Amino acid sequence: MLNRLERLTQRVGGSNELVDQWLHARKELLVSYCTLVGLKPNKEKHTPLNEKALDNFCHNLVDYLSAGHFHLYQRIIDEVASADSSVKSQASKIYPALELNTEAIMAFHDSYTENDIDDDNAFAFHYALSDIGEALDARFQLEDQLIILAFDPVNGAPLPPANDDHLARPA
C-alpha cells in the first residue's frame, strides 16, 4: 500500500493541493496502521500492540474517513463533472462502494475503541486488523480511481499493480 501510494503521489502530486494533502493524510494513516500491527516499512521486526498505537490509528482513521466523505469526494466529483459522460459514470459508481467500505471500517473502529483488548479477544483483534488492512487497501484503490479520473493528465490510465501485500496483513 505504501509503495502504491508513492507511485500515485509521483504521478499526480502537485496537480492539486487538496489531493496532495489527502495523499499525505493517507500516508499518516498507513504509518499508524503499520505501527499498530507491528510492521516497520523496509524492516521485518514486529513490535507488540500498545494502546497508544491503537488510539493513534483510530484517530487517524476517523480523520481520514471524515475528510474524504465530508470534503474531498464531492470536490473530486465536481472536478469530473465537466468531463465526458463515461468519466462521470465511472466516478458515480465509485462513491457507493466507498460508502459501504466506510461502514465496514467504522464497525472495526466502534468495536475496538469501546472495548479493551485482553487475552480473551486478542486473537479476534489480530484477525480484525488483517481485515481492516484489506478494507483500507480496497478503499485506497477506489480513491485512487477517483483521483486519476479527476487529476491524472492521462485521464484514467490505471496505476501498475503493487506487490506490497505484506503491508495489508499482519504476519
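**Helix packing around helix 3**

Reader: What is the handedness of the crossing where helix 2 passes helix 3?

Author: Helix 2 crosses helix 3 in a left-handed manner. Please note that this is a predicted model.

Reader: Which residues make that contact?

Author: Helix 2 supplies L18, W22, A25, R26, E28, L29, S32, Y33, T35 and L36. From helix 3 come A53, L54, N56, F57, N60, L61, Y64, L72, Y73, R75 and I76. Sorted by class, the contact of helix 2 with helix 3 comprises 14 nonpolar, 4 polar and 3 charged residues.

Reader: And at what angle do the axes of helix 2 and helix 3 cross?

Author: At roughly 155°, and the axes of helix 2 (residues 17-37) and helix 3 come within 9 Å. An angle over 145 degrees counts as roughly antiparallel, so helix 2 and helix 3 are roughly antiparallel to each other.

Reader: N60 is in that contact list. Is N60 buried or exposed?

Author: N60, which is part of helix 3 (residues 51-80), is buried, because its relative accessible area of 14% is under 20%.

Reader: What does the side chain of N60 make a polar contact with?

Author: Its partner is the side chain of S32, at 3.3 Å. Leaving aside residues up to four places away in sequence, N60 touches E28, L29 and S32.

Reader: Let us move to helix 5. How do helix 3 and helix 5 pack?

Author: Helix 3 and helix 5 (residues 122-151) pack at an angle of about 25°, and their axes are 11 Å apart. Helix 3 is therefore roughly parallel to helix 5, since the angle falls under 35 degrees.

Reader: What is the handedness of the crossing of helix 3 and helix 5?

Author: That crossing is left-handed. The residues in the contact of helix 3 with helix 5 fall into 18 nonpolar, 1 polar and 3 charged.

Reader: Which residues of helix 3 and helix 5 meet?

Author: On the helix 3 side they are L54, F57, L61, Y64, L65, H69, Y73, I76, I77, E79 and V80. On the helix 5 side they are F125, I132, L136, R139, F140, E143, L146, I147, L149, A150 and F151.

Reader: Where does E143 stand, buried or exposed?

Author: E143 belongs to helix 5 and is buried, with a relative accessible area of 0%.

Reader: Which side chain is joined to that of E143 by a polar contact?

Author: The side chain of R26, through a polar contact of 3.1 Å. With residues up to four places away in sequence not counted, E143 touches W22, R26, Y64, Y73 and L98.

Reader: A change of topic: how far apart are E51 and D116?

Author: E51 and D116 are 65 residues apart in sequence, and their C-alpha atoms are 9.0 Å apart in space. E51 lies in helix 3 and counts as partly exposed, at 42% relative accessibility.

Reader: Finally, how many helices and strands are in the protein chain?

Author: The protein chain has 5 helices and 0 strands, running α-α-α-α-α from the N terminus on. Of its 171 residues, 41% count as buried. Among the contacts with a separation of 6 or more in the protein chain, 79% come from residues 24 or more positions apart.

Conventions
Residues numbered from 1 in each chain as written. Predicted model: local features only at pLDDT ≥ 70, side-chain atom pairs only at ≥ 80, totals over all residues. Heavy atoms only, no water. Helix = DSSP H or I, 4+ residues; strand = E, 2+ residues; numbered from the N terminus. Buried < 20%, exposed > 50% of the residue type's maximum accessible area, 1.4 Å probe, protein only. Polar contact = N/O pair within 3.5 Å; in protein donor to acceptor, adjacent residues only side chain to side chain. Contact = heavy atoms within 4.5 Å. Axes fitted to C-alpha atoms, helices over the stretch in contact; angles between N-to-C directions. Parallel < 35°, antiparallel > 145°, perpendicular 65-115°, else oblique. Left-handed = near helix turned anticlockwise from the far one by under 90°. Nonpolar A, V, L, I, M, F, W, Y, C, P; charged D, E, K, R; others polar.
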